[in-house]
Amino acid sequence: MAKTLIKNATLLTMDRATSDLKTGDILLVDDRIAEVAPHISADDAEVIDATGMVASPGFVDTHRHVWQTQLRGVATDWSLFQYLAEIRTMYSVCYEADDAYLGNYVGALEMINAGITTVVDHSHLQISADHSDGLVQGLIDAGIRGIFCYGVYRNPKYKPGETIDSAAILMDTAGPIEDFQKQNAQRVRETFFPANDSLLRFGIASSEFFTFPSIDPVLEELAWSRTLEPARITFHSTVVSHGGVSLITQLSKAGALGDDLLLSHGNQLTDDDLLLLASEGGWVSTTPETELQMGPGFPILERVAQTGRAPSLGIDIVSGFSGDMFAQMRLMLQSMRYLHGEQENAGRHPSSIGRKLPGSLRYPAAKMLEYATLGGAICMGLEDEIGSLTPGKKADVILTRLNSINTAPVRDPVAALMFYANANDIDSVWIDGVPRKRGGRLLGAEWSGVERRVQASRDAIDERFAKIDSDAMRKAWAPLWG
(Lines give C-alpha, C1' and ligand atoms only; values in the text may rest on other atoms or scores of the structure.)
Protein backbone atom coordinates (compact mmCIF):
# COMPACT_ATOMS: atom_id res chain seq x y z
CA MET A 1 0.00 0.00 0.00
CA ALA A 2 1.66 3.24 -1.21
CA LYS A 3 1.21 6.25 1.07
CA THR A 4 2.15 9.86 0.39
CA LEU A 5 1.67 12.59 2.98
CA ILE A 6 1.61 16.16 1.67
CA LYS A 7 2.40 18.45 4.61
CA ASN A 8 1.94 22.16 5.33
CA ALA A 9 0.25 23.19 2.09
CA THR A 10 -2.31 25.93 1.57
CA LEU A 11 -5.39 23.94 0.56
CA LEU A 12 -7.88 24.95 -2.13
CA THR A 13 -10.14 21.91 -2.01
CA MET A 14 -12.96 22.86 -4.41
CA ASP A 15 -15.06 20.72 -2.07
CA ARG A 16 -18.27 22.60 -1.32
CA ALA A 17 -18.75 20.66 1.92
CA THR A 18 -15.39 21.58 3.46
CA SER A 19 -13.46 24.76 4.07
CA ASP A 20 -10.15 25.65 2.50
CA LEU A 21 -7.18 25.63 4.88
CA LYS A 22 -4.41 28.18 5.19
CA THR A 23 -2.18 25.29 6.24
CA GLY A 24 -3.14 21.65 6.00
CA ASP A 25 -2.16 18.11 5.05
CA ILE A 26 -3.34 15.56 2.49
CA LEU A 27 -2.82 11.82 2.80
CA LEU A 28 -2.78 9.82 -0.43
CA VAL A 29 -3.17 6.05 -0.15
CA ASP A 30 -2.65 4.19 -3.39
CA ASP A 31 -4.88 5.91 -5.96
CA ARG A 32 -7.17 7.70 -3.49
CA ILE A 33 -7.25 10.74 -1.24
CA ALA A 34 -7.54 9.16 2.21
CA GLU A 35 -7.67 12.24 4.42
CA VAL A 36 -7.61 16.04 4.32
CA ALA A 37 -7.06 17.81 7.63
CA PRO A 38 -5.13 20.58 9.40
CA HIS A 39 -2.66 17.97 10.65
CA ILE A 40 -2.18 14.31 9.71
CA SER A 41 0.30 11.76 11.08
CA ALA A 42 1.32 8.73 9.04
CA ASP A 43 4.65 7.18 10.04
CA ASP A 44 4.82 4.82 7.08
CA ALA A 45 4.16 7.45 4.39
CA GLU A 46 6.54 9.32 2.12
CA VAL A 47 6.41 12.90 3.36
CA ILE A 48 6.32 15.83 0.93
CA ASP A 49 7.00 19.22 2.50
CA ALA A 50 4.61 21.58 0.66
CA THR A 51 5.41 24.66 2.74
CA GLY A 52 4.90 27.74 0.57
CA MET A 53 2.78 25.86 -1.96
CA VAL A 54 -0.90 25.68 -2.89
CA ALA A 55 -2.44 22.20 -3.11
CA SER A 56 -5.44 21.96 -5.40
CA PRO A 57 -7.22 19.42 -7.61
CA GLY A 58 -5.78 18.96 -11.08
CA PHE A 59 -7.21 21.07 -13.87
CA VAL A 60 -9.72 19.44 -16.21
CA ASP A 61 -9.58 20.32 -19.93
CA THR A 62 -12.88 19.32 -21.56
CA HIS A 63 -12.00 20.06 -25.20
CA ARG A 64 -8.63 19.67 -26.87
CA HIS A 65 -7.23 18.40 -30.17
CA VAL A 66 -4.11 16.90 -28.64
CA TRP A 67 -2.63 15.65 -31.91
CA GLN A 68 -1.85 19.20 -33.05
CA THR A 69 1.17 19.49 -30.75
CA GLN A 70 3.66 19.61 -33.65
CA LEU A 71 1.70 22.49 -35.25
CA ARG A 72 2.39 25.03 -32.50
CA GLY A 73 2.27 28.53 -33.92
CA VAL A 74 0.71 27.86 -37.33
CA ALA A 75 -2.76 29.17 -36.34
CA THR A 76 -1.70 32.26 -34.38
CA ASP A 77 -3.24 34.70 -36.88
CA TRP A 78 -5.85 32.42 -38.44
CA SER A 79 -9.55 32.84 -38.91
CA LEU A 80 -11.91 29.86 -38.64
CA PHE A 81 -11.85 29.66 -42.45
CA GLN A 82 -8.07 29.25 -42.50
CA TYR A 83 -8.19 26.73 -39.68
CA LEU A 84 -10.71 24.47 -41.41
CA ALA A 85 -9.00 24.72 -44.77
CA GLU A 86 -5.45 24.11 -43.59
CA ILE A 87 -5.72 21.92 -40.50
CA ARG A 88 -8.61 19.73 -41.55
CA THR A 89 -7.73 19.15 -45.22
CA MET A 90 -3.98 19.83 -45.42
CA TYR A 91 -1.97 19.42 -42.23
CA SER A 92 -3.92 16.35 -41.16
CA VAL A 93 -2.76 14.31 -44.18
CA CYS A 94 0.86 15.19 -43.35
CA TYR A 95 0.84 13.04 -40.20
CA GLU A 96 2.22 9.53 -40.24
CA ALA A 97 1.27 7.10 -37.48
CA ASP A 98 4.42 7.88 -35.44
CA ASP A 99 3.64 11.60 -35.69
CA ALA A 100 0.20 10.88 -34.29
CA TYR A 101 1.74 9.02 -31.35
CA LEU A 102 4.23 11.82 -30.63
CA GLY A 103 1.57 14.51 -30.92
CA ASN A 104 -0.55 12.86 -28.25
CA TYR A 105 2.34 11.78 -26.07
CA VAL A 106 4.08 15.16 -25.97
CA GLY A 107 0.72 16.95 -25.82
CA ALA A 108 -0.21 14.94 -22.73
CA LEU A 109 3.18 15.69 -21.14
CA GLU A 110 2.55 19.38 -21.80
CA MET A 111 -0.76 19.14 -19.97
CA ILE A 112 0.72 17.30 -17.00
CA ASN A 113 3.53 19.84 -16.78
CA ALA A 114 0.89 22.60 -16.54
CA GLY A 115 -1.19 20.82 -13.90
CA ILE A 116 -3.88 19.47 -16.22
CA THR A 117 -4.58 15.95 -15.01
CA THR A 118 -7.68 15.13 -17.09
CA VAL A 119 -8.56 15.82 -20.73
CA VAL A 120 -11.28 15.21 -23.30
CA ASP A 121 -9.28 14.53 -26.44
CA HIS A 122 -11.46 15.36 -29.49
CA SER A 123 -9.29 13.24 -31.75
CA HIS A 124 -10.21 13.74 -35.40
CA LEU A 125 -7.02 12.24 -36.89
CA GLN A 126 -8.30 8.71 -37.40
CA ILE A 127 -6.63 8.26 -40.79
CA SER A 128 -5.70 4.60 -40.36
CA ALA A 129 -5.74 1.89 -37.73
CA ASP A 130 -2.08 2.61 -37.01
CA HIS A 131 -2.82 6.31 -36.49
CA SER A 132 -5.61 5.44 -34.07
CA ASP A 133 -3.44 3.05 -32.09
CA GLY A 134 -0.65 5.64 -31.89
CA LEU A 135 -3.03 8.34 -30.65
CA VAL A 136 -4.38 6.14 -27.86
CA GLN A 137 -0.97 4.80 -26.88
CA GLY A 138 0.49 8.29 -26.64
CA LEU A 139 -2.02 9.26 -23.96
CA ILE A 140 -1.59 5.95 -22.13
CA ASP A 141 2.20 6.21 -22.08
CA ALA A 142 2.08 9.75 -20.69
CA GLY A 143 -0.20 8.63 -17.85
CA ILE A 144 -2.92 11.26 -18.16
CA ARG A 145 -6.55 10.72 -17.16
CA GLY A 146 -9.26 11.43 -19.69
CA ILE A 147 -11.60 10.39 -22.44
CA PHE A 148 -10.17 9.55 -25.84
CA CYS A 149 -12.98 10.63 -28.16
CA TYR A 150 -12.53 8.75 -31.42
CA GLY A 151 -13.21 11.21 -34.24
CA VAL A 152 -15.43 9.78 -36.97
CA TYR A 153 -14.82 12.84 -39.16
CA ARG A 154 -13.97 11.84 -42.73
CA ASN A 155 -10.32 12.78 -43.30
CA PRO A 156 -9.01 13.46 -46.82
CA LYS A 157 -7.48 10.45 -48.54
CA TYR A 158 -4.87 12.08 -50.77
CA LYS A 159 -1.14 12.07 -50.02
CA PRO A 160 1.06 15.18 -50.08
CA GLY A 161 2.51 15.62 -53.57
CA GLU A 162 -0.37 13.90 -55.35
CA THR A 163 -2.51 15.76 -57.86
CA ILE A 164 -5.72 16.48 -56.02
CA ASP A 165 -9.27 17.40 -56.87
CA SER A 166 -9.86 19.86 -54.04
CA ALA A 167 -13.58 20.19 -54.72
CA ALA A 168 -14.01 16.41 -54.54
CA ILE A 169 -12.09 16.34 -51.27
CA LEU A 170 -14.52 18.81 -49.73
CA MET A 171 -17.48 16.75 -50.85
CA ASP A 172 -15.89 13.62 -49.43
CA THR A 173 -15.04 15.10 -46.03
CA ALA A 174 -18.59 16.44 -45.57
CA GLY A 175 -20.34 13.08 -45.92
CA PRO A 176 -21.67 10.73 -43.25
CA ILE A 177 -19.31 8.36 -41.46
CA GLU A 178 -17.75 5.56 -43.46
CA ASP A 179 -17.70 1.85 -42.73
CA PHE A 180 -13.96 2.08 -41.99
CA GLN A 181 -14.59 4.53 -39.17
CA LYS A 182 -17.36 2.42 -37.70
CA GLN A 183 -15.25 -0.73 -37.80
CA ASN A 184 -12.09 0.96 -36.60
CA ALA A 185 -13.87 2.72 -33.73
CA GLN A 186 -15.30 -0.60 -32.56
CA ARG A 187 -11.84 -2.19 -32.82
CA VAL A 188 -10.27 0.62 -30.76
CA ARG A 189 -13.05 0.32 -28.17
CA GLU A 190 -12.58 -3.45 -27.81
CA THR A 191 -8.77 -3.39 -27.92
CA PHE A 192 -7.94 -0.52 -25.56
CA PHE A 193 -11.13 0.03 -23.56
CA PRO A 194 -12.81 -3.35 -22.93
CA ALA A 195 -14.37 -2.24 -19.63
CA ASN A 196 -14.15 1.52 -20.23
CA ASP A 197 -13.61 2.29 -16.56
CA SER A 198 -9.85 2.84 -16.39
CA LEU A 199 -7.67 5.96 -16.28
CA LEU A 200 -8.29 6.60 -19.98
CA ARG A 201 -11.79 5.94 -21.31
CA PHE A 202 -13.40 5.69 -24.73
CA GLY A 203 -15.64 8.30 -26.27
CA ILE A 204 -16.82 9.48 -29.67
CA ALA A 205 -16.07 12.77 -31.42
CA SER A 206 -18.87 13.19 -33.92
CA SER A 207 -18.92 14.39 -37.50
CA GLU A 208 -19.42 18.06 -38.22
CA PHE A 209 -23.20 17.99 -38.02
CA PHE A 210 -23.60 21.37 -39.69
CA THR A 211 -22.41 19.78 -42.94
CA PHE A 212 -25.29 17.28 -42.94
CA PRO A 213 -28.31 18.12 -45.09
CA SER A 214 -30.90 17.18 -42.46
CA ILE A 215 -31.33 15.83 -38.94
CA ASP A 216 -31.74 12.22 -40.10
CA PRO A 217 -28.03 11.35 -40.56
CA VAL A 218 -27.27 13.14 -37.28
CA LEU A 219 -29.72 10.88 -35.45
CA GLU A 220 -28.38 7.82 -37.23
CA GLU A 221 -24.81 8.65 -36.21
CA LEU A 222 -25.75 9.31 -32.60
CA ALA A 223 -27.68 6.05 -32.43
CA TRP A 224 -24.67 4.15 -33.79
CA SER A 225 -22.30 5.97 -31.42
CA ARG A 226 -24.37 4.94 -28.42
CA THR A 227 -24.07 1.26 -29.34
CA LEU A 228 -20.39 1.55 -28.34
CA GLU A 229 -21.39 2.91 -24.90
CA PRO A 230 -18.96 5.85 -24.99
CA ALA A 231 -18.17 7.78 -21.82
CA ARG A 232 -19.01 10.95 -23.77
CA ILE A 233 -20.08 11.92 -27.30
CA THR A 234 -18.57 15.30 -28.10
CA PHE A 235 -19.23 17.51 -31.08
CA HIS A 236 -18.52 21.01 -32.32
CA SER A 237 -21.64 23.11 -31.95
CA THR A 238 -20.60 26.51 -33.31
CA VAL A 239 -23.09 26.27 -36.18
CA VAL A 240 -26.07 24.15 -35.20
CA SER A 241 -29.13 24.41 -37.40
CA HIS A 242 -30.77 22.62 -40.28
CA GLY A 243 -33.23 24.54 -42.38
CA GLY A 244 -33.11 27.38 -39.87
CA VAL A 245 -34.23 25.10 -37.02
CA SER A 246 -31.93 24.64 -34.03
CA LEU A 247 -30.17 21.29 -33.91
CA ILE A 248 -30.78 21.18 -30.16
CA THR A 249 -34.52 21.59 -30.72
CA GLN A 250 -34.49 18.80 -33.30
CA LEU A 251 -32.50 16.50 -31.01
CA SER A 252 -34.97 17.23 -28.22
CA LYS A 253 -37.97 16.37 -30.40
CA ALA A 254 -36.27 13.12 -31.37
CA GLY A 255 -35.52 12.25 -27.74
CA ALA A 256 -31.81 12.23 -28.52
CA LEU A 257 -30.50 14.64 -25.89
CA GLY A 258 -28.74 13.18 -22.87
CA ASP A 259 -25.93 13.66 -20.40
CA ASP A 260 -23.60 11.60 -22.56
CA LEU A 261 -23.39 14.62 -24.91
CA LEU A 262 -20.61 17.18 -24.48
CA LEU A 263 -20.89 20.14 -26.83
CA SER A 264 -17.89 22.34 -27.51
CA HIS A 265 -18.07 26.07 -28.24
CA GLY A 266 -21.80 26.65 -28.81
CA ASN A 267 -21.40 30.42 -29.07
CA GLN A 268 -24.60 30.69 -31.12
CA LEU A 269 -26.73 28.47 -28.95
CA THR A 270 -29.86 30.31 -27.86
CA ASP A 271 -31.10 30.59 -24.30
CA ASP A 272 -33.85 28.13 -25.24
CA ASP A 273 -31.19 25.69 -26.48
CA LEU A 274 -29.36 25.94 -23.18
CA LEU A 275 -32.55 25.39 -21.20
CA LEU A 276 -33.23 22.23 -23.22
CA LEU A 277 -29.73 20.97 -22.45
CA ALA A 278 -30.25 21.74 -18.78
CA SER A 279 -33.57 19.91 -18.60
CA GLU A 280 -32.97 16.99 -20.95
CA GLY A 281 -29.20 16.48 -20.79
CA GLY A 282 -26.06 17.76 -22.42
CA TRP A 283 -22.98 19.65 -21.26
CA VAL A 284 -20.94 22.50 -22.74
CA SER A 285 -17.19 23.12 -22.97
CA THR A 286 -16.14 26.73 -23.56
CA THR A 287 -12.74 27.43 -25.14
CA PRO A 288 -12.28 31.19 -24.68
CA GLU A 289 -9.13 31.76 -26.71
CA THR A 290 -10.28 30.13 -29.94
CA GLU A 291 -13.82 31.41 -29.60
CA LEU A 292 -12.73 35.01 -29.16
CA GLN A 293 -10.25 34.69 -32.03
CA MET A 294 -12.36 32.74 -34.51
CA GLY A 295 -15.93 33.20 -33.29
CA PRO A 296 -18.65 33.59 -34.23
CA GLY A 297 -20.20 35.07 -31.11
CA PHE A 298 -19.13 35.56 -27.50
CA PRO A 299 -18.26 32.53 -25.31
CA ILE A 300 -21.35 31.26 -23.51
CA LEU A 301 -19.87 30.07 -20.21
CA GLU A 302 -21.87 32.59 -18.18
CA ARG A 303 -25.14 31.74 -19.93
CA VAL A 304 -24.56 28.05 -19.26
CA ALA A 305 -24.02 28.76 -15.55
CA GLN A 306 -27.24 30.79 -15.42
CA THR A 307 -29.22 27.65 -16.36
CA GLY A 308 -27.91 25.90 -13.27
CA ARG A 309 -25.60 23.64 -15.23
CA ALA A 310 -21.89 23.41 -14.50
CA PRO A 311 -19.84 24.97 -17.30
CA SER A 312 -16.33 23.83 -18.14
CA LEU A 313 -13.22 25.10 -19.91
CA GLY A 314 -11.07 23.71 -22.72
CA ILE A 315 -7.86 24.74 -24.45
CA ASP A 316 -8.86 23.50 -27.95
CA ILE A 317 -5.86 24.04 -30.26
CA VAL A 318 -2.20 24.29 -29.26
CA SER A 319 -1.60 25.06 -32.93
CA GLY A 320 -2.64 28.59 -32.00
CA PHE A 321 -1.61 29.22 -28.39
CA SER A 322 -0.28 27.71 -25.16
CA GLY A 323 -1.78 24.59 -23.68
CA ASP A 324 -2.23 25.65 -20.05
CA MET A 325 -5.44 26.37 -18.18
CA PHE A 326 -4.16 29.58 -16.59
CA ALA A 327 -4.57 31.58 -19.80
CA GLN A 328 -8.10 30.31 -20.43
CA MET A 329 -9.30 31.10 -16.91
CA ARG A 330 -7.93 34.63 -16.99
CA LEU A 331 -9.16 35.41 -20.48
CA MET A 332 -12.67 34.13 -19.79
CA LEU A 333 -13.00 35.88 -16.45
CA GLN A 334 -11.78 39.26 -17.65
CA SER A 335 -13.82 39.07 -20.86
CA MET A 336 -16.96 38.46 -18.81
CA ARG A 337 -16.11 41.34 -16.50
CA TYR A 338 -15.57 43.64 -19.48
CA LEU A 339 -18.81 42.58 -21.16
CA HIS A 340 -20.75 43.17 -17.95
CA GLY A 341 -19.34 46.70 -17.78
CA GLU A 342 -20.35 47.35 -21.38
CA GLN A 343 -23.86 46.08 -20.69
CA GLU A 344 -24.20 48.44 -17.75
CA ASN A 345 -23.17 51.32 -20.01
CA ALA A 346 -25.44 50.40 -22.92
CA GLY A 347 -26.67 53.57 -24.62
CA ARG A 348 -24.11 55.80 -22.94
CA HIS A 349 -21.52 57.86 -24.77
CA PRO A 350 -18.57 55.67 -25.84
CA SER A 351 -16.04 58.08 -24.35
CA SER A 352 -15.24 57.98 -20.65
CA ILE A 353 -17.42 61.07 -20.15
CA GLY A 354 -20.83 60.08 -18.90
CA ARG A 355 -20.01 56.41 -18.48
CA LYS A 356 -20.87 54.61 -15.28
CA LEU A 357 -17.92 53.39 -13.26
CA PRO A 358 -18.49 49.93 -11.75
CA GLY A 359 -18.77 49.91 -7.97
CA SER A 360 -18.16 46.17 -7.74
CA LEU A 361 -17.36 43.15 -9.92
CA ARG A 362 -19.99 40.52 -10.60
CA TYR A 363 -17.66 37.58 -11.21
CA PRO A 364 -15.36 36.30 -8.43
CA ALA A 365 -12.10 34.70 -9.50
CA ALA A 366 -12.71 31.64 -7.33
CA LYS A 367 -15.71 30.67 -9.43
CA MET A 368 -13.63 30.40 -12.60
CA LEU A 369 -11.16 28.20 -10.74
CA GLU A 370 -14.07 25.96 -9.81
CA TYR A 371 -15.17 25.70 -13.44
CA ALA A 372 -11.63 24.65 -14.46
CA THR A 373 -11.60 21.80 -11.94
CA LEU A 374 -14.88 20.55 -10.49
CA GLY A 375 -16.91 21.97 -13.38
CA GLY A 376 -14.89 19.95 -15.87
CA ALA A 377 -15.28 16.81 -13.77
CA ILE A 378 -19.06 17.26 -13.67
CA CYS A 379 -19.26 17.75 -17.44
CA MET A 380 -17.28 14.53 -17.94
CA GLY A 381 -19.43 12.55 -15.50
CA LEU A 382 -16.46 12.13 -13.15
CA GLU A 383 -17.51 14.38 -10.27
CA ASP A 384 -17.56 11.40 -7.90
CA GLU A 385 -13.97 10.61 -8.84
CA ILE A 386 -12.08 13.88 -9.42
CA GLY A 387 -12.41 17.67 -9.38
CA SER A 388 -11.94 18.33 -5.65
CA LEU A 389 -9.67 17.36 -2.78
CA THR A 390 -12.27 15.14 -1.15
CA PRO A 391 -11.46 11.99 0.86
CA GLY A 392 -12.43 8.96 -1.19
CA LYS A 393 -11.86 10.64 -4.55
CA LYS A 394 -9.00 9.79 -6.88
CA ALA A 395 -5.63 11.26 -5.98
CA ASP A 396 -5.31 13.86 -8.74
CA VAL A 397 -3.44 16.62 -6.91
CA ILE A 398 -1.18 19.48 -7.96
CA LEU A 399 1.19 21.66 -5.94
CA THR A 400 1.89 25.21 -7.14
CA ARG A 401 4.86 27.15 -5.77
CA LEU A 402 4.33 30.59 -4.25
CA ASN A 403 8.02 31.49 -4.07
CA SER A 404 8.77 32.25 -7.72
CA ILE A 405 9.51 35.73 -8.98
CA ASN A 406 5.96 35.99 -10.32
CA THR A 407 4.08 34.47 -7.35
CA ALA A 408 5.92 35.82 -4.27
CA PRO A 409 4.53 37.36 -2.10
CA VAL A 410 0.94 36.74 -3.23
CA ARG A 411 -1.43 36.84 -0.26
CA ASP A 412 -4.40 34.97 -1.70
CA PRO A 413 -4.03 31.41 -3.09
CA VAL A 414 -6.97 31.91 -5.46
CA ALA A 415 -5.31 35.03 -6.84
CA ALA A 416 -2.05 33.11 -7.16
CA LEU A 417 -3.59 30.44 -9.39
CA MET A 418 -5.89 32.76 -11.30
CA PHE A 419 -3.62 35.70 -12.06
CA TYR A 420 0.02 35.03 -11.25
CA ALA A 421 1.03 31.41 -11.69
CA ASN A 422 2.11 29.69 -14.89
CA ALA A 423 3.12 26.16 -15.83
CA ASN A 424 6.66 26.69 -14.51
CA ASP A 425 5.21 27.22 -11.03
CA ILE A 426 3.65 23.74 -10.94
CA ASP A 427 5.98 21.87 -8.61
CA SER A 428 4.30 18.47 -8.36
CA VAL A 429 1.51 16.52 -10.05
CA TRP A 430 -0.10 13.26 -8.98
CA ILE A 431 -2.56 11.44 -11.25
CA ASP A 432 -4.36 8.44 -9.78
CA GLY A 433 -1.84 8.59 -6.93
CA VAL A 434 1.14 8.25 -9.29
CA PRO A 435 3.68 11.12 -9.23
CA ARG A 436 4.06 12.52 -12.74
CA LYS A 437 5.94 15.71 -11.86
CA ARG A 438 8.09 16.39 -8.79
CA GLY A 439 10.29 19.34 -7.92
CA GLY A 440 9.32 21.04 -11.14
CA ARG A 441 10.49 18.15 -13.35
CA LEU A 442 8.46 15.61 -15.28
CA LEU A 443 8.98 12.02 -14.21
CA GLY A 444 9.25 9.03 -16.52
CA ALA A 445 10.18 11.01 -19.63
CA GLU A 446 13.70 11.98 -20.70
CA TRP A 447 12.83 15.29 -22.30
CA SER A 448 16.00 15.77 -24.35
CA GLY A 449 15.34 12.59 -26.32
CA VAL A 450 11.62 13.32 -26.66
CA GLU A 451 12.36 16.88 -27.77
CA ARG A 452 14.63 15.66 -30.60
CA ARG A 453 11.94 13.26 -31.81
CA VAL A 454 9.15 15.84 -31.78
CA GLN A 455 11.30 18.45 -33.55
CA ALA A 456 12.13 15.91 -36.28
CA SER A 457 8.44 15.07 -36.55
CA ARG A 458 7.57 18.75 -36.96
CA ASP A 459 10.16 19.14 -39.73
CA ALA A 460 8.86 16.08 -41.59
CA ILE A 461 5.27 17.36 -41.36
CA ASP A 462 6.36 20.74 -42.75
CA GLU A 463 8.18 19.05 -45.64
CA ARG A 464 5.05 17.12 -46.57
CA PHE A 465 2.87 20.21 -46.21
CA ALA A 466 5.09 22.08 -48.67
CA LYS A 467 4.12 19.54 -51.36
CA ILE A 468 0.41 20.46 -51.15
CA ASP A 469 -1.13 23.08 -53.44
CA SER A 470 -2.45 25.11 -50.52
CA ASP A 471 -3.73 27.95 -52.71
CA ALA A 472 -5.96 25.55 -54.64
CA MET A 473 -7.31 24.10 -51.40
CA ARG A 474 -8.14 27.54 -49.98
CA LYS A 475 -9.93 28.47 -53.22
CA ALA A 476 -12.00 25.30 -52.94
CA TRP A 477 -13.11 26.30 -49.43
CA ALA A 478 -13.81 29.92 -50.32
CA PRO A 479 -17.33 29.42 -51.80
CA LEU A 480 -18.49 27.86 -48.52
CA TRP A 481 -17.63 31.19 -46.86
CA GLY A 482 -19.34 33.26 -49.53
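Leu-275 has its place in helix H8, which spans residues 271–280; helices here are DSSP runs of H or I with at least four residues, strands are runs of E with at least two, and both are numbered from the N terminus. The model is predicted, so local features need pLDDT of at least 70 and side-chain atom pairs count only at pLDDT 80 or more, while totals for chains, interfaces and linings use all residues. Residues are numbered from 1 along each chain as its sequence is written, and side-chain values use heavy atoms, with hydrogens and water left out. With a relative accessible area of 49%, Leu-275 is partly exposed, a class between buried (under 20%) and exposed (over 50%), computed with a 1.4 Å probe on protein chains only. The C-alpha atom of Leu-275 lies 40 Å from that of Leu-102, a residue 173 positions away along the chain.

Strand S16 (residues 397–401) runs antiparallel to S17 and is joined to it by 4 bridges; two strands count as paired if DSSP finds at least two bridges between them. Within this pairing, Ile-426 of S17 is the bridge partner of Thr-400. S17 also pairs with strand S18 (residues 434–438), again in the antiparallel sense, over 3 bridges, and here Val-429 stands opposite Lys-437 of S18. S17 and S18 form a hairpin with 2 residues between them, and Asp-432 in the turn has a positive phi of about 60°.

Attention now turns to the pockets. A pocket is an open set of points on a 1 Å grid over the protein atoms alone, where a 1.4 Å probe fits and protein lies on both sides within 12 Å along at least five of seven lines; its lining residues have an atom within 4 Å of a point. The largest pocket holds about 760 Å³ of space, a volume being the space filled by probe spheres set on the points. Its lining is made of 34 residues, and Leu-84, Glu-208, Phe-210, Thr-211 and Trp-477 lie nearest its centre. Helices H1 (80–89), H4 (166–173) and H9 (288–294) are the elements that give two or more residues to this lining. By class, the lining has 20 nonpolar, 10 polar and 4 charged residues.

The second largest pocket has a volume of about 270 Å³. Its lining has 20 residues, with Ile-127, Pro-156, Lys-157, Tyr-158 and Lys-159 nearest the centre.

Conventions: Nonpolar A, V, L, I, M, F, W, Y, C, P; charged D, E, K, R; others polar.
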